[in-house]
Structure formats: structure tokens, C-alpha cells
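Here are a few notes to read alongside the model.

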Amino acid sequence: AFVAFISYIVYKCYIYPLYLSPLCKIPGPPVDSFILGHYHSFLSRQISEASARLAQQYGGIVRYYGLFNKSYLLISDP
């Protein structure tokens, strides 16, 4: 049961968000951390500054990861 639980956690937090999710085709920065995702880069700067940098670098629609690699979309193009 323990191996099944660990396998499920690895699938949910790593394999699905990075390789199987339909959002993985949207451009975005590479993952910084397995657990924190891009959370650290948003904490080190103001959110508006980090969002503006991502929009400049990757375009109007950007995918980034939160805690435990949960995918988020940043839409800055009307």
C-alpha cells in the first residue's frame, strides 16, 4: 500500500503536470523545484513584477507551476 501511495504522489505531482497535462504545450519557464514549482520566484519579487517578466519573455499566455507542480495560466493579452 505504501508503494502505491508513493507512486500516486509521484504521478500527481510530477508525471501528469509536466508530461501528460494538456497545459504542458503552453510555453512557460522550466520548473525550478519539484515541490515549490515557481513559488520561490514569486516570493522573491513582487507579483506584478514577476508576472510582467513572464509575459515579456514567453508571450501573452504563460503556464507556470505553483506548489506541488499545480499548473496555472497567466493571461496578459486581451
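1. Let's begin with Leu74. Setting aside residues up to four places away in sequence, Leu74 touches Ser51, Leu54, Gly60, Ile61, Val62 and Tyr64, where touching means heavy atoms within 4.5 Å. Please keep in mind that this is a predicted model: local features need pLDDT of at least 70, side-chain atom pairs count only at pLDDT 80 or more, and totals for chains, interfaces and linings use all residues. Residues are numbered from 1 along each chain as its sequence is written, and side-chain values use heavy atoms, with hydrogens and water left out.

2. Leu74 also belongs to the largest nonpolar core, together with Phe42, Ala50, Leu54, Val62 and Tyr64. The elements giving two or more residues to this core are α3 (47-58) and β1 (61-65). Such a core is a set of buried Ala, Val, Leu, Ile, Met, Phe, Trp, Tyr and Cys residues joined through side-chain atoms within 4.5 Å. Helices (H or I, at least four residues) and strands (E, at least two) are DSSP runs, numbered from the N terminus.

3. Now for Tyr72, which sits in strand β2 (residues 71-75). Tyr72 counts as partly exposed because its relative accessibility is 35%; buried means under 20% relative accessible area, exposed over 50%, and partly exposed in between (1.4 Å probe, protein chains only). Beyond its neighbours within four places in sequence, Tyr72 contacts Val62, Arg63, Tyr64, Tyr65 and Gly66.

4. Finally, have a look at helix α1 (residues 2-20). Cys13, Pro17 and Leu18 are buried in α1, and the cover over its buried residues includes β1 and β2.
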